[in-house]
Amino acid sequence: MDFPCLWLGLLLPLVAALDFNYHHQEGMEEFLKTVAQSYSSITHLHSIGKSVEGRNLWVLVVGRFPKAHRVGIPEFKYVANMHGDETVGRELLLHLIDYLVTSDGKDPEITNLIDSTRIHIMPSMNPDGFEAVKKPDCYYSNGRENYNNYDLNRNFPDAFEFNNVSRQPETVAVMKWLKTETFVLSANLHGGALVASYPFDNGVQATGALLSRSLTPDDDVFQYLAHTYASRNINMKKGDQCKNKMNFPNGVTNGYSWYPLQGGMQDYNYIWAQCFEITLELSCCKYPREEKLPSFWNSNKASLIEYMKQAHLGVKGQVFDQNGNPLPNVIVEVQDRKHICPYRTNKFGEYYLLLLPGSYIINVTVPGHDPHLTKVVIPEKSQNFSALKKDIRLPVQGQLDSIQVSNLSCPMIPLYRNLPSRSVATKPSLFLFLVTLLHIFFK
């Protein structure tokens with residue numbers, strides 16, 4: 001017997017190839033635990049809470065140092081199975097995990113991604129709904145809601161109108177999770193259509209609702225992100241692959257333009273968690289046959305990977321006082337695209353701003369001090385797996401605790417209610433309004 005070969009075989013990760021079947025809770029947990037054990041140097045498995053019926057909400061972190069925050073490394077997340085009867089996203093994320101860990105050290109692109117990003121993957125936010133589906137259906141089943149019959153993607157606080165629903169354990173767990181990390185970019189995966197949808201999902205006149213749209217201050221970035229995903233999915237980019245559905249030019253839509261949605265997760269992430277999130281509708285059928293799963297993986301693999309890389313868009317850095325101490329809770333925003341909940345540095349003084357190439361003025365504001373303006377120019381060709389790094393030293397003195405403000409979090413109320421139009425970009429003019437009416441009448 002060749003003993004060196006035997007020892008080598010024992011040292012290699014013992015993970016069987018993931019099959020293209022639907023994995024229920026037991027099978028999914030077994031796979032995730034095996035991956036976490038076999039690839040412990042680049043993965044960390046933990047639960048962020050439990051569902052109504054007590055099932056764990058598992059998150060697998062993939063990164064070179066998966067258990068520890070590293071300054072300058074953006075946090076990325078994928079969340080699937082918001083509706084328990086939407087199954088494709090759940091399986092795609094399991095296969096994405098398998099692909100990432102088995103490609104590390106072999107594929108330079110994946111290795112660089114793991115070196116430079118902490119990737120958080122939640123394959124199932126609604127495990128109770130998934131387990132409740134006894135008879136799969138393409139369009140709807142009793143597994144859409146959680147065990148308490150709540151649609152989790154209508155269960156978050158809403159920035160445009162009061163969302164007086166009972167907050168569910170799964171929703172609360174996600175909201176708490178978002179406070180523990182500095183998430184920069186994310187996507188939630190659904191089924192029932194084939195499109196990349198970007199915020200806002202709800203809207204008011206100030207965000208362009210009179211034009212049947214609702215745009216964020218970062219609309220250019222969101223359109224770019226949605227196109228990044230859709231353009232690499234051969235079926236999604238066609239925009240018309242689902243019968244009895246809207247046609248989506250280039251496979252992209254503004255959420256509100258599709259249909260207004262109250263209490264959605266992508267709006268909550270962007271407004272309250274400083275995290276750019278889009279919604280990926282991945283299949284016309286919510287619960288397709290298992291033999292279709294390989295084709296869904298082949299169609300989405302390149303998009304899933306390319307989208308993760310976008311966590312390195314724009315500019316990042318730390319804010320320090322004059323003595324070199326990092327400053328938390330400092331407002332850092334581009335001068336002409338302020339957020340209704342100002343984006344602030346985390347406890348390490350870090351900030352991340354997803355921006356397209358161009359010239360920007362960054363406004364840095366410490367409570368009780370005058371704003372500090374600094375110009376940044378983001379080049380057309382970004383650095384490999386790294387945003388432009390721009391540290392900022394302020395002419396102020398103070399330790400970490402001295403900059404704390406008692407109530408920094410934005411209130412969970414409809415922040416956009418009764419708000420005047422905030423920017424020229426989203427303010428509908430009378431001319432455009434009349435043009436829109438004519439378009440509706442003569443279409």
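Disulfides of a predicted chain

The link of cysteine 242 and cysteine 284 is left-handed, with -85° about the S-S bond. Their sulfur atoms lie 1.9 Å apart, and a disulfide here is a pair of cysteine sulfur atoms within 2.5 Å. This pair links distant parts of the chain, 42 residues apart: cysteine 242 sits in the loop between helix H7 (219–230) and strand E7 (252–254), cysteine 284 in the loop between E8 and H10. Helices (H or I, at least four residues) and strands (E, at least two) are DSSP runs, numbered from the N terminus. Cysteine 242 is buried at 10% relative accessibility; cysteine 284 is partly exposed at 27%. Buried means under 20% relative accessible area, exposed over 50%, partly exposed in between (1.4 Å probe, protein chains only).

This is a predicted model: local features need pLDDT of at least 70, side-chain atom pairs count only at pLDDT 80 or more, and totals for chains, interfaces and linings use all residues. Residues are numbered from 1 along each chain as its sequence is written, and side-chain values use heavy atoms, without hydrogens and water. The mean pLDDT (the predictor's confidence in each residue, from 0 to 100) is 89. Over residues 3–13 the pLDDT is below 50.

The count comes to three disulfides. Cysteine 138 and cysteine 285 form another, with sulfur atoms 2.0 Å apart. Their link is left-handed too, at -110°. Cysteine 285 is buried at 13%, whereas cysteine 138 is partly exposed at 31%.

Cysteine 341 is joined to cysteine 410, S to S 2.2 Å. Cysteine 341 is buried at 5%, and cysteine 410 is buried at 18%.

Key. Contact = heavy atoms within 4.5 Å.
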